[in-house]
Amino acid sequence: MWIPMLSLTALPHVGGIFGGLITRKEVKTWYTTLNKPSWRPPNAAFPVAWTTLYTGMGYGSYLVWKELGGFTQDALLPLGLYGMQLALNWAWTPIFFGTHNIKLAMIEIVMLTGTVAATMVSWYPISRTATLLMVPYLAWLCLATSLNYCIWRDNPDPKKDD
């Protein structure tokens, strides 16, 4: 059981690593030009937070997978929702930092947050521990959604002025 546990726990980090490659350059260039709220976390907090959150959600997915006997018919909805939220999570960074499309990133993160909530609801009857491991993630997404909104609000799209 070590291989599935380690694999499912590590899986979210794959997208995080690729996202970090995009973010690394942009956070020093484009991101510094944006108007941001005073309450935003320091840049150094993001890699620490995401490492913790990815590990928690990954281990939670393992608990659900194990409880349902692997990738069974019963696992289709809870692990399907999990996969959907993971794909949405991985897509946010290229949208925001890669294409600088703050409005689309705002729409995307709202969809992500809703999908995480739906994942948690589907996990609760299966594993309360797995659900609780997602609580910090949902809280962080609420903060990130608020931050995305403020950045979108305070940085009008220059293309609209053309």
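**Close-up 1: K25 and E26, a charged pair.** E26 is buried, with 10% relative accessibility, while K25 is exposed at 57% (buried means under 20% relative accessible area, exposed over 50%, partly exposed in between, with a 1.4 Å probe and protein chains only). Their side chains meet in a salt bridge, 3.5 Å from N to O (that is, a side-chain nitrogen of Lys or Arg within 4 Å of a carboxyl oxygen of Asp or Glu). This is a predicted model: local features need pLDDT of at least 70, side-chain atom pairs count only at pLDDT 80 or more, and totals for chains, interfaces and linings use all residues. Residues are numbered from 1 along each chain as its sequence is written, and side-chain values use heavy atoms, leaving out hydrogens and water.

**Close-up 2: R153 and D154, another salt bridge.** Here the closest N and O atoms are 2.8 Å apart. R153 is partly exposed at 46%, and D154 is partly exposed too, at 28%. The salt bridge count comes to 2.

**Close-up 3: the largest pocket.** About 810 Å³ of space lies in here (the space filled by probe spheres set on grid points joined across faces, edges and corners). A pocket is an open set of points on a 1 Å grid over the protein atoms alone, where a 1.4 Å probe fits, with protein on both sides within 12 Å along at least five of seven lines; lining residues have an atom within 4 Å of a point. This pocket has 31 lining residues, and T23, F46, P47, W50 and T93 lie nearest its centre.
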